[in-house]
Amino acid sequence: MTCLVLIPARIGSTRLPRKALAPIAGRPMIVCVAERAAAAAIGRVAVATDSNEIAEAVSKAGYEAVMTSEAHQSGSDRIHEALAKLDPNGAVETIVNLQGDLPTIEPDAVHQVLRPFEDPACDIATLGVEITDESEKSNPNVVKIVGSPIGETRLRALYFTRATAPYGEGPLFHHVGIYAYRRQSLERFVSMPPSVLETRERLEQLRALEAGMRINAEIVSTVPLGVDAPEDLEKARRILEA
């Protein structure tokens, strides 16, 4: 499949302003993410942004940037606009949406997000990791996948929630926020309005499930650090500077 990795990045951030440009190990965070995506070697990599500063930083580092509207409410909408600009003739079959605040993600994890597409019924692919920290099981900031096993390392997602679920004995899985879309699946997804459960849980992927789309999750071994607050940024610096 012809693949395009798109990294949405906006200059505004409520908890950590201008975090895409925050320096980590001598380069902006968004450049660190682009490096990881390029190292995965699954296809063309570009940063989709609403900021000239971010675009300049990305281009200066030798990566591709595409300008998108400031009005987008989600990363999915932003990458959809970027896709139309970068591939107007429709040659790209698969789009990977990699969040711009995952500077420690392993390149192999970026590669693994494509594996669920071995099943032609899969519309959207994502990643999960088994939760081993007891405190994370009840933490609403740790999104859980409720899914049915369809292989040794794969779940069919039935629901995503901030609650502790499912109930009873057995593993719980932390959702990793990277998605792969078949092109027609992305087109369908962005054409739909926000759904009831999406709005309630504040989880965009529930829109797809409510519409009957199939999401499969590949289970991997490590959770990349998401940078949402100053303490996360300091931790990322320690990891990458080491």
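This is a predicted model: local features need pLDDT of at least 70, side-chain atom pairs count only at pLDDT 80 or more; totals for chains, interfaces and linings use all residues.
How do the residues of the lining of the largest cavity divide into nonpolar, polar and charged?

## The cavity and its lining

A search of the whole structure finds one cavity of 30 Å³ or more. The volume of the largest cavity is about 40 Å³.

The lining of the largest cavity consists of Ile124, Tyr179, Tyr181, Phe189, Glu204 and Gln205. In answer to the opening question, four of the lining residues are nonpolar, one is polar and one is charged.

## Gln205, a residue of the lining

Gln205 is one of the residues that line the largest cavity. Its place in the chain is the loop between helix H6 (196-201) and helix H7 (206-210). Is Gln205 buried or exposed? Gln205 has a relative accessible area of 7%, which is under the 20% limit, and therefore counts as buried.

Tyr179 also belongs to the lining, and the side chains of Gln205 and Tyr179 make a polar contact at 3.1 Å. Apart from neighbours within four places in sequence, the residues in contact with Gln205 are Val143, Phe160, His175, Tyr179 and Ile215. Ile124, another residue of the lining, is 81 residues away from Gln205 in sequence, and their C-alpha atoms are 9.3 Å apart in space.

## The nonpolar cores

The largest nonpolar core has 35 residues, and those that touch the most other members are Ile7, Ile30, Val96, Leu98 and Ile178. Several elements each give two or more residues to this core, among them strand S1 (3-9), helix H1 (29-40), strand S4 (44-49), helix H2 (52-60) and strand S10 (173-182). Helix H1 gives the most, with six residues.

Ile30 illustrates how parts of the chain come together. Setting aside residues up to four places away in sequence, Ile30 touches Ile7, Ala9, Ala20, Val47, Ile54, Val58 and Gly100. There is also a second, separate core of 32 residues, which includes Ile124, Val143, Ile145 and Phe160.

Ala157 lies in strand S9 (residues 154-161). With a relative accessible area of 4%, Ala157 is buried. Beyond residues up to four places away in sequence, Ala157 touches Ile145, Val146, Gly147, Leu209 and Ile215. Ala157 and Leu209 are 52 residues apart along the chain, and 8.3 Å separates their C-alpha atoms.

Strand S10 contains His174 and Arg182. His174 is buried, at a relative accessible area of 13%. Neighbours within four places in sequence aside, His174 is in contact with Leu127, Gly128, Val129, Ile131, Glu136, Val142, Val143, Ile145 and Val223. Arg182 is buried as well, with a relative accessible area of 14%. A polar atom of the Arg182 side chain lies 3.4 Å from the backbone oxygen of Phe117. The C-alpha atoms of Arg182 and Thr94 are separated by 4.7 Å, although these residues are 88 places apart along the chain.

## Backbone angles in the loops

Most residues other than glycine have a negative phi, and most peptide bonds are trans. The following cases may be read against that background.

The peptide bond from Ala165 to Pro166 is cis, its omega being near 0°. Pro166 is placed in the loop between S9 and S10.

Which value does phi take at Arg18? Phi of Arg18 is near 60°, a positive value in a residue other than glycine. Arg18 belongs to the loop between S1 and strand S2 (23-24), and its relative accessibility of 38% makes it partly exposed. Arg202 is exposed, at 60% relative accessibility, whereas Gln205 is buried.

Notes:
Residues are numbered from 1 along each chain as its sequence is written. Side-chain values use heavy atoms; hydrogens and water are left out. A nonpolar core is a set of buried Ala, Val, Leu, Ile, Met, Phe, Trp, Tyr and Cys residues joined through side-chain atoms within 4.5 Å. Buried means under 20% relative accessible area, exposed over 50%, partly exposed in between (1.4 Å probe, protein chains only). Helices (H or I, at least four residues) and strands (E, at least two) are DSSP runs, numbered from the N terminus. Contact means heavy atoms within 4.5 Å. On a 1 Å grid over the protein atoms alone, a cavity is a set of points where a 1.4 Å probe fits but cannot get out, and a pocket is an open set with protein on both sides within 12 Å along at least five of seven lines; lining residues have an atom within 4 Å of a point. Grid points are joined across faces, edges and corners, and a volume is the space filled by probe spheres set on the points. Ala, Val, Leu, Ile, Met, Phe, Trp, Tyr, Cys and Pro count as nonpolar, Asp, Glu, Lys and Arg as charged, and the others, Gly among them, as polar. A polar contact is a pair of N or O atoms within 3.5 Å; within protein, one must be able to donate a hydrogen and the other to accept it, and residues adjacent in sequence count only if both atoms are side-chain atoms.
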